[in-house]
Each structure stands twice: as structure tokens, then as C-alpha cells.
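Biologist: I am new to this structure and would like to learn how to read its features one at a time. Please give me the general idea first, and then the case at hand.

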Amino acid sequence: MTNLFSLAGKNAWVTGACYGIGFAIAKAFAQAGAQTIIFNARSEEAIAKAIADYHAEGIDNVKGYVCDVTDENAVAALVQTIHAEVGPIHILVNNAGIIKRIPMHEMKRSEFQQVIDIDLVGPYIVSAAVLPEMMERREGKIINICSMMSELGRETVSAYAAAKGGLKMLTRNICSEYGEYNIQCNGIGPGYIATPQTAPLREPQADGSKHPFDAFICAKTPAGRWLEPDELAGPAVFLASHASDAVNGHILYVDGGILAYIGRQPK
Ligand code: NAP
Ligand code: GCO
């Protein structure tokens, strides 16, 4: 049974995996026996720091490349470089993403577009660049990092919710269009995870009290806490391994129960 979850012999590309959720997923893949971890970021400095961080975790089979997921020419060139320097791409995790928290009526078109470009068009660009080799090999795993906002809205995150809702349907469409090639495309929908992206929502107040949003999320999560990036490790390894070969088009919510819970009632 343990072999079902092994990633031995597999090369895994996790986009934007310098820190946060992507780093935790890439680390989990390495610990599950992946042959090579591949990641990209937008600057050499970010790559260098991340390589040091991977090495500090005892992960030496890692390659980092500068590449913006919205640049289709750079992505196409990177796929060729990966084939030459690493080999085939067996697993792709579309993790790179941003958020802008601005009331929609105040958001500039360019700000809305940037979130859509990175969080939705980026996964399309990278998936389309990797699918041909997966089709030829008749095997592949694509995991899209969705969100609570693939299902729910909230104030100030209109572009992000539109992108993540679209990413849920892109996941289902890749499943539908490429399942016949033994390619499984699923999503992971994290709840509220303590990473740099959510740091502003957890910033203690000047008087030392909890950020209102911090208290809000703890009341919306049955366990009463934020989740940690490493808590996505098991679900990610499951969806990247042969253990999930019959799972396709599924969004696996790793949210501590937020989507099932109306929220802690006032005492
Ligand atoms: P994070 O800490 O902000 O990390 C995002 C990563 O994406 C960074 O490494 C960033 O690199 C990279 N990135 C951003 N734009 C990029 C681009 N155009 N090309 C290449 N890399 C790019 O975010 P996170 O919390 O780990 O989130 C990772 C993913 O999970 C995102 O898709 C996010 O929407 C999603 N998510 C997060 C949560 C949460 O609670 N944290 C919950 C659900 C879903 P740079 O240094 O270049 O910016
Ligand atoms: C926000 C948060 C969320 C999380 C995540 C929840 O501002 O509401 O950043 O969007 O990042 O997507 O699943």
C-alpha cells in the first residue's frame, strides 16, 4: 500500500515554490521519494534563497529557474530546459498565485487583470505547455491550487474569487479533455493557511489584540485555528501519486471543515 503513495522516479514541477504552500508541497514530494523537484520564481534572488532553504531541509535534488508563469514564451523555453537538464515532467502543481484585496468598485482594470493573469491564465499557460509530453507518455498528474474562493466570495477579493472559481472549472475541463490519456487533473482547495500571502490578515493590532480577520477565521474553522502549509503535504502527495489514478476533476478541500461549518456561535 505504501508504494501507491510513492513518487519514486517522478520529476515534479511546483510553480512559485520558493516559500509558502508551494515550498511545503515540494518538500512533501521530495520526502515521498520524488526524483527531482523543479520550481520557478520571478527573480534569481528568490531562486537562490529558496535553493538554500531546500538544502536546509535536506533536499538536494532540486532545480530552480527564473520564469514568470504569465510569459508563455518563457514557459515554453523552460519546459525545453527542464527536458534537457532534468528529464520528463511527471507532476505539475500550478501553485504560483497572488491576491489583491481591494473593493471591486475601487479596483483598477489593470489590478483585476493581473490577478486573473497570474492565478488563472498562468495555470492554463503552464498546463498547456506540459500536456503534450503527458499525452505522448499517456500518463501525468496536474494539481491546481484552488481556494475557499473557488466556492465562496467575500469583500475585496473579486478578482481572486473570479480567478479561483475559473481555476476550479479549468481543473474539471482538463480532466474532461485529457482523461483519455491517463492524465489526472485535480485541485487542492486550501482553507486559511499561515503564509506570507495571509500575513496581513493575521497582523496583531497596535494594542496587541488579534486582527479582526484572524478572530473571524478562527471562528469559521471548526478547529478554531489557521492551518499550516505542511498540513497540505498528505493531500498533495495523494493527488500526485498512483493512489489517486481513479480520481479526476476533483477539488480536494483541505480547509479544516470551513466549508461545512456555519461558524462558531456567539457564547
Ligand atoms: P505566497 O506565500 O504569496 O507565495 C506565492 C508564490 O507564488 C511565491 O513564491 C511567488 O513568488 C509566486 N508567484 C507569484 N506570482 C508569480 C508569477 N507570475 N510567476 C511565478 N511565480 C509567481 O502564497 P501562498 O499562500 O503560498 O499561496 C500559494 C498558492 O495557494 C496561491 O495560488 C494562493 O492563491 C493559494 N492559496 C493560498 C491560501 C492561503 O491561505 N495562504 C489558501 C488557498 C489558496 P514571488 O516571490 O515572485 O512573488
Ligand atoms: C483572503 C485570503 C484567502 C486565502 C485563501 C482561502 O484574503 O480571503 O487571502 O483568499 O488566501 O484563498 O482559501
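Modeller: A polar contact is a pair of N or O atoms within 3.5 Å, and within protein one atom must be able to donate a hydrogen and the other to accept it, while residues adjacent in sequence count only if both atoms are side-chain atoms. What you see is a predicted model, in which local features need pLDDT of at least 70 and side-chain atom pairs count only at pLDDT 80 or more, although totals for chains, interfaces and linings use all residues. Residues are numbered from 1 along each chain as its sequence is written, chains are lettered from A and ligands numbered from 1 in the order in which they are written, and side-chain values use heavy atoms, with hydrogens and water left out.

Biologist: Which backbone N or O atom lies 2.9 Å from an oxygen atom of ligand 1, and which residues come nearest to ligand 1?

Modeller: The backbone atom at 2.9 Å from an oxygen of ligand 1 belongs to I193, and a backbone N or O atom of G191 lies 3.5 Å from an oxygen atom of ligand 1. From a side chain, an N or O atom of R42 is 2.7 Å from an oxygen atom of this ligand. R42 is also among the residues that come nearest, together with I21, N95, Y160 and T195, out of 27 around ligand 1, where near means a heavy atom within 4 Å.

Biologist: How many residues surround ligand 2, and which are the closest?

Modeller: Ligand 2 is surrounded by 14 residues, of which R101, S147, R154, Y160 and Q197 are the closest. The side chain of R101 places an N or O atom 2.6 Å from an oxygen atom of ligand 2, and a backbone N or O atom of M148 lies 2.8 Å from an oxygen of this ligand.

Biologist: Turning to the helices, at roughly what angle do the axes of α4 and α5 cross?

Modeller: Helices are DSSP runs (H or I, at least four residues), numbered from the N terminus, and the axes of α4 (residues 109-137) and α5 (residues 158-178) come within 8 Å and cross at roughly 15 degrees. That angle makes α4 roughly parallel to α5, a label for angles under 35 degrees. Among the residues that make the contact are F112, L120 and Y124 of α4, and Y160, L167 and Y178 of α5. By class, the residues of this contact divide into 16 nonpolar, 3 polar and 2 charged.

Biologist: Are α1 and α8 parallel or oblique to each other, and which residues meet there?

Modeller: The axes of α1 (residues 20-31) and α8 (residues 233-240) come within 9 Å and cross at roughly 60 degrees, and the two helices are therefore oblique to each other. On the α1 side, I25, A28 and F29 meet A233, A236, V237 and A240 of α8, with contact taken as heavy atoms within 4.5 Å. The residues of this contact divide into 7 nonpolar, no polar and no charged.

Biologist: How close do the axes of α1 and α2 come, and which residues meet?

Modeller: The axes of α1 and α2 (residues 44-56) come within 11 Å and cross at roughly 40 degrees, which makes α1 oblique to α2. Here G22, F23, A26 and K27 of α1 meet A50, D53 and Y54 of α2, and the contact has 4 nonpolar, 1 polar and 2 charged residues.

How values were computed. Axes fitted to C-alpha atoms, helices over the stretch in contact; angles between N-to-C directions. Parallel < 35°, antiparallel > 145°, perpendicular 65-115°, else oblique. Nonpolar A, V, L, I, M, F, W, Y, C, P; charged D, E, K, R; others polar.
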